[in-house]
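Subject: Structure handover

Hello,

Here is the structure for your set. My notes follow below it.

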Amino acid sequence: MSPTGTLLPGTRGWSRGVASAVAGAVPALTFPAPSLWWLAYLALVPWLLLIRSAPSARRAALDGWFGGAGFMLAVHNWLLPSMTVFLPVLALLLGALWAPWGWLVHRLLGGAPAVGAALVLLPSGWLLIELVRSWQYLGGPWGLLGASQWQVGPALRLASLGGVWLVSAALVLVNTAVAVLCVLPSARRTAAATLLAASVATGAVWLWAPRPHATAPVRVAVVQPGVVEGPAARFAREVRLTRQLAGRRPDLVVWGESSVGVDLSDHPGTTATLAALSRLVGADLLVNVDAERADGTGISKTSTLVGPHGVTGPTYDKMRLVPFGEYIPMRSLLGWATSVGKAAGQDRRPGRRQVVMDTGALRFGPLVCFESAFPDMSRHLAADGARLLVAQSSTASFQGSWAPAQHASLAALRAAETWRPMVHATLTGISAVYGPGGAPVGHRIGTSGGATAVYEVPTATGTSPYVRFGDWVPRLALLLMLAAGAVEGVRALRRRAAGAGPVGGEGVPADVAALRRSPDPARDSR
């Protein structure tokens, strides 16, 4: 390692890079399936201390980059069989988002530390990274740090105020304060006061923040066929399982993503079968069609409500598609991905607008799979009048990985943010239901096989602060970062002006001019 922090070929440089990647990967353990949620309050500390110890700002930026790549690779490890060589490349590309954050950590905690600024700006900088990588074309908001707290009551209450963003910011604040406690004795009082203030504020939110108003529950049935080869065999099993619901009086029956493999407009027999099932169980069926359209316009993943007389109301086409899984970006250039992994052989068509469906007794908002990761989509459905959120999913390609548990946990965050219960129904598990505050309802259906379950789902009215005010937390983070940049810019201009006055002639800095005026002791002694 050179004095300037340049990464040179050699053991020391590469070992530091590996250490950064490992330190960055630690937070992945806080998500399901390990679900070490308590580790989230300490998980960033090794990474922060490593960046702080960097010999230069450039090296700190590299530590941020490699740590970010390690985090992205670890939290998406289950995608490796599908994306193969693309996953490490994508992790490195997205890891670059943490390079400025690494520089900022070094700037505020290393050298002459500015602890007060660090406690404000490091959480803000982290939130901006989460906001940028939440763009669907960069992979979407999978693995937002705050989502690790999906089963922690006080954290879910924070989410109702500021979404998952507020939980992420609180976690980074706590980690920063703990790092300061570890290595900056002169600032330990400030760090301890910050931790105490964060605890008191969270407790106050838990006790006194507004809550939804409970209303009459609804009965929702979930049909999970399990691992079945082929759309025809899957449909047949779903039909058999749905028949078991006769006499159980559900208000809505939900099938998973890709539960129907034909275009219903071109297969009246399939539509008739679904309508007969609706009459048998006394409730509408929400299915999801994944098939070539009869009009030749391509494939969409379409949520369709079927009543006793056939398809009813508007349908919903999945809007946010999974890169490589449901379409290949720049297929003409990257189409070869289909030969080395499980990339989409044919691009799905995205929908253009969200839809609130109505059975007559229940208004609900459908989401399809990956879309349950996006806080804004469920927020918009709640604002549009949905009493219930329903996510239809299929994690069949990722059985035995962390994906099913991690995906199911996202529904708890969306329910807490919106004050609307959420049903997460899958083909192969894990299927789960959460109440308006994010608490689990009934038992989860695991990945062991097919099953049906009827849930007595509590509902609520009221508008949560997050639904009302939207993404105010990341907007505040952006304003704080811009303000800090403006202050630093003004200070730099003042320093330049103070150091470049015409004391010793035009263009001669004041300190150089002062040296020129000072007597020469050697000359005076002669």
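T270 sits in helix α11, which spans residues 268-281. Helices here are DSSP runs of H or I with at least four residues, strands are runs of E with at least two, and both are numbered from the N terminus. T270 has 16% relative accessibility, so it counts as buried. Buried means under 20% relative accessible area, exposed means over 50%, and partly exposed lies in between (1.4 Å probe, protein chains only). Leaving aside residues up to four places away in sequence, T270 touches F235, V260, V262 and L264. A contact means heavy atoms within 4.5 Å. V260 is ten residues from T270 along the chain, and their C-alpha atoms are 8.9 Å apart.

A word on provenance. This is a predicted model, in which local features need pLDDT of at least 70, side-chain atom pairs count only at pLDDT 80 or more, and totals for chains, interfaces and linings use all residues. Residues are numbered from 1 along each chain as its sequence is written, and side-chain values use heavy atoms, with hydrogens and water left out.

Now the chain as a whole. It has 18 helices and twelve strands. Of its 526 residues, 53% are buried. Take the contacts between residues at least 6 apart in sequence: 68% of them join residues at least 24 apart. The accessible surface is about 22400 Å², and carbon and sulfur atoms account for 63% of it. Those areas come from the Shrake-Rupley method with a 1.4 Å probe; for residues, only the protein chains shown count as cover.

Next, salt bridges. The rule is a side-chain nitrogen of Lys or Arg within 4 Å of a carboxyl oxygen of Asp or Glu. The count by this rule is twelve.

- R16 and D63 pair at 2.9 Å, N to O. R16 is in helix α1 (residues 11-25) and D63 in helix α3 (residues 57-75), so the bridge ties together parts 47 residues apart in sequence. R16 is buried at 15% relative accessibility, and D63 is buried at 0%. R16, R59 and D63 are linked in a network of salt bridges.
- E257 and K318 pair with their closest N and O atoms 3.9 Å apart. E257 is in the loop between β2 (252-255) and α11, while K318 is in the loop between β6 (316-317) and α12 (331-334), so this pair ties together parts 61 residues apart in sequence. E257 is buried, with a relative accessible area of 2%. K318 is buried too, at 0%.
- R414 and E417 meet at 2.8 Å, N to O. They are three residues apart in helix α14 (residues 403-418), which separates them by about one helical turn. R414 is buried at 2% relative accessibility, and E417 is buried at 0%.

Last, a helix pair. The axes of α2 (residues 45-52) and α6 (residues 99-109) come within 8 Å and cross at roughly 70°. The two helices are therefore roughly perpendicular. The angle classes are: under 35 degrees roughly parallel, over 145 roughly antiparallel, 65 to 115 roughly perpendicular, the rest oblique. Axes are lines fitted to C-alpha atoms, for helices over the stretch in contact, with angles from 0 to 180 degrees between N-to-C directions. From α2, the contact uses W47, L48, I51 and R52; from α6, it uses W101, G102, V105, H106 and L109.

Best wishes
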